[in-house]
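Hello,

Here is the structure I promised to pass on. My notes follow below it.

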Amino acid sequence: MESYENKCRWNSGEGHLIEPDFHPLPEPEDIGRALSWDEVNRLLDAAINSRSRSLFPALMTYLHTGVRAAEARMRWDQVDFAQHTIRVGRSKTKGGEGRVIPLNDEAFDILVEWHSRFTDPQPNHFVFPSERYGFDGNAGRLHGAVKVYALDPNKPMASMKVAWTGCRKAAGVWCRLHDLRHTFISALGEAGVPESTMKAIAGWMSAKMLERYSHTRQQAKRDAVNKLPRRRPD
């Protein structure tokens, strides 16, 4: 896999300033959609070239764990590198709080590389901390070189709105951040993961929620009933 340093090269697009306060929107009640693999790859390519160094590892975390945006505001002590898991803190549902999500190899590698980019990360530091980006001197203005400043590991990243909007525009993919969760869950459905396991990973308490998110399960049901023998007499 290409090194994280190479993936996090800077471009000369519009900069962004992280907002001081984070006010997550209520989780949408409409069904949303799962992204195609082409759309996912285009988004990730755009994220790699984003001036926000946290955007790529954050999107990879959403895609490989299915966490909600608010749940991604976690600290390093919630990441168990020995067991290859993350533990969710506060969540929208009681069933979601404290759940442990296994990390596959790609998600684990991304978080290891991201962790290594900080000088002295502490267990109580946020995985995606508050930080700002600016041009690196006069030369940076000419060549798009960016440096990080005002890093505060004791505060979580406030907002990805500007970086996320720029990423979608560069990728030509119009979707919501929450659709990455739909994509993750639909991928589990396509892989034939049992419903009980899917609910445990996603943090749901009812099958109704599973019906909302797992679009491939609906197609699987349609395929199943279409396999029934014809009953109408000739």
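Helices H2 and H6 (residues 161-171) pack with their axes 8 Å apart, at an angle of about 125°. Axes here are lines fitted to C-alpha atoms, for helices over the stretch in contact, and angles run from 0 to 180 degrees between N-to-C directions. H2 and H6 are therefore oblique to each other (under 35 degrees is roughly parallel, over 145 roughly antiparallel, 65 to 115 roughly perpendicular, the rest oblique). Helices (H or I, at least four residues) and strands (E, at least two) are DSSP runs, numbered from the N terminus.

This is a predicted model: local features need pLDDT of at least 70, side-chain atom pairs count only at pLDDT 80 or more, and totals for chains, interfaces and linings use all residues. Residues are numbered from 1 along each chain as its sequence is written, and side-chain values use heavy atoms, with hydrogens and water left out.

Next, the sheet. It is open, with three strands in the order E1-E2-E3 and antiparallel pairing. Strands E1 (79-80) and E3 stand at the edges with a single partner strand each, so one side of each has no neighbour in the sheet. E2 (residues 85-87) pairs with E3 over three bridges (two strands pair if DSSP finds at least two bridges between them). Ile86 stands opposite Ile101 in E3.

Regards
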